[in-house]
There are 2 protein chains.
Amino acid sequence: MKNKSYLVQKTINLMLDKVKDIAGSNESYLSSDLALATELDVSRTTIRTVIGELEEKGIIKRDSIGKRAVRKPKKSDYYDISTSSSTKEEVIQSYFLSLINSGKLLPGTRFSELELAKQSGCNTVTVREFLVKFSRFGLIEKDPRSQWQMVKFDDGFAEELIEFRKVLEMRALVKLLDQDKDAAVWGELEQILADHKSVKSNFNKRYQEVPDLDARLHLAIQKGANNRFINQFFEVVSFVCHYHYQWKKEGEKERLKVALNEHIELLTSLLARDVAASVRALELHLDSAERTLMACSTSVNNESS
Amino acid sequence: MKNKSYLVQKTINLMLDKVKDIAGSNESYLSSDLALATELDVSRTTIRTVIGELEEKGIIKRDSIGKRAVRKPKKSDYYDISTSSSTKEEVIQSYFLSLINSGKLLPGTRFSELELAKQSGCNTVTVREFLVKFSRFGLIEKDPRSQWQMVKFDDGFAEELIEFRKVLEMRALVKLLDQDKDAAVWGELEQILADHKSVKSNFNKRYQEVPDLDARLHLAIQKGANNRFINQFFEVVSFVCHYHYQWKKEGEKERLKVALNEHIELLTSLLARDVAASVRALELHLDSAERTLMACSTSVNNESS
DNA sequence: TTGCTGTGTTTTCTTGGCAAAATACACAGT
DNA sequence: ACTGTGTATTTTGCCAAGAAAACACAGCAA
């Protein structure tokens, strides 16, 4: 039995679900190839190989009328794709991100495509392609004919990054405050505020949740801008900040406490529709974010020298 | 005689220049391999193959002391690299940009990697890699297993793009105005203003130069921000605007006239250090840029439907 | 006509491999 | 110890080719 590709396996599973629904009923014919293709978001070619497979297994039969579901699929007919490799791009992506998150790639570190390829089980072309894509975050860079490296900090980095973020987020904030009273955001913000309070009431046990809250809050604000470009670059900025925060664990709890309170202040002002207070609160919050980032950067630079 | 690679040819030429300077003088030894490598920005391996070449040609001789320049290089020793292919990435890049600039790739157009590869003489892998890199401009996009396509306009596109640009450029403007009176920018801006006036005085013949002036002006402002992130995204935005301006040729001359005058207004306010007036002028200018962009977008969308 | 299927063609995706270049190592001379 | 050179190893840049999937077209049936 030949190995099926990931795409085919996944599609077979989806198709089996459909077969299960109709098999035995009085309307036991599947819809047309094209309809299935559109629905499952693959080409008709793929649908046909899938149908071919299921036909071999005796689950489906093509006749003059169409594709009839012969029997209900068994558990064993399904493919286990949880362990399966999925796309190569996903493989290398999750591998690379795990390296980043485990702190194996500090600023200034150099690494080779070949090494990543070997360790992740991908080809160098795949790896390269992924790295090029990833480089839009500005965390890695590469000169021709030489290796990649994690970008180094320098004095201006934190300052400039936060300035950039501030400019965009302020704009988003203003536009957010301009929205209708019954827009969906407000409900969301209230929920976020509630969650903040809940975490605060049990801070010592739940302070690890603050980064998540942070992400949710900033995402909500940013969506308020209703601008695809702002959103896009916001994504980049968030990622970069998160990457840099991960060193410098000491004092983290204290920092998170400060952030939590700043968030609550900001959320309260927002929900009160107080423009001036919101702007002030956001400014304060971003300023302390800058200090944190600065602290991280100096700590890493000292370490590596 | 084997073909030398582009890099080696280029490096040989640079090395010949160095040899020319020292040959015949009383200090006719070249510096160490490593020093040369660092200076010419290639690896020592490349330096050594270059030295090897020049040794064969009798220009350089290695002895126990080092690498001695034996004779001055002749014209014929140099390689002609102007026609040479350079890197494949440059090849595909210039080919692709030429397609864009000649208007063969309108929004919504789909195109295949294979086709580009054939026509540019590159491999599909190289093409793919370039396109991935290029996609950071947001002008092209691609779903897995399907072709690339130029992104389509929609209603919000122009509006959101200009809003984004405005936010960033306003920030840059403010920081620019905050700079020292004797900073280099001011001289540059004066030069730009002078060039504007010169073009204006002979507008009918020279109106084609306005886009260049536009680029120079906005670049100068943007550099004023002194922020790598702002600069980076500014680059993206400029490129995108430029791309979209190229359709809709009718009325162009009139639009350029308006732009020219807006530029002069802005430059004058800037040089007078009048913050309020500068902001107002920039706002006006960007608003008319938005109108232009809108006009372009609707014109293209109608065409393609 | 219109929609569906069978079939053939094109394109993307992935791999392995080779030449060129970068990098690491070892040793010699000062 | 340090710098520079010769040598070996690793890595990048590029390609050609095959498998998988998307796409295009012709014929058929209602």
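In the predicted model, 18 residues of chain B are in contact with 18 residues of chain A, two residues being in contact if their C-beta atoms, placed from the backbone, lie within 7 Å. On chain B, the side that touches chain A receives at least two residues from each of α6, α7 (155–177) and α11 (228–245); helices (H or I, at least four residues) and strands (E, at least two) are DSSP runs, numbered from the N terminus. The most is given by α7(B), with 7 residues. By type, this side of chain B comprises 9 nonpolar, 1 polar and 8 charged residues, where Ala, Val, Leu, Ile, Met, Phe, Trp, Tyr, Cys and Pro count as nonpolar, Asp, Glu, Lys and Arg as charged, and the others, Gly among them, as polar. Of the interface residues of chain B, 100% are also interface residues in chain A, so the copies meet through the same surface.

Residues are numbered from 1 along each chain as its sequence is written, while chains are lettered from A and ligands numbered from 1 in the order in which they are written. Because the model is predicted, local features need pLDDT of at least 70 and side-chain atom pairs count only at pLDDT 80 or more, whereas totals for chains, interfaces and linings use all residues.

Chain B is superposed on chain A by a rotation of 179° with 0.1 Å of shift along its axis, at an RMSD of 0.6 Å (least squares on the C-alpha atoms of residues with pLDDT of at least 70 in both). The two copies are thus related as by a two-fold rotation axis.

DNA strand C is surrounded by 34 residues, of which B:S5, B:L7, B:S43, B:T45 and B:T46 are the closest; a residue is near a strand if its C-beta atom, placed from the backbone, lies within 6 Å of it. The largest share of this surface, 4 residues, comes from α3(B). The residues near DNA strand C divide into 9 nonpolar, 16 polar and 9 charged.

Within chain A, the buried residues of α1(A) are A:T11, A:I12, A:M15, A:L16 and A:V19 (buried, 20 or more other C-beta atoms within 10 Å of its own; exposed, 12 or fewer; partly exposed, in between; C-beta atoms placed from the backbone). They cover an arc of only 150° around the axis, which puts them on the same side of α1(A); the arc is that of the directions from the helix axis to the C-beta atoms. On the other side of α1(A), A:D17 and A:D21 are exposed.
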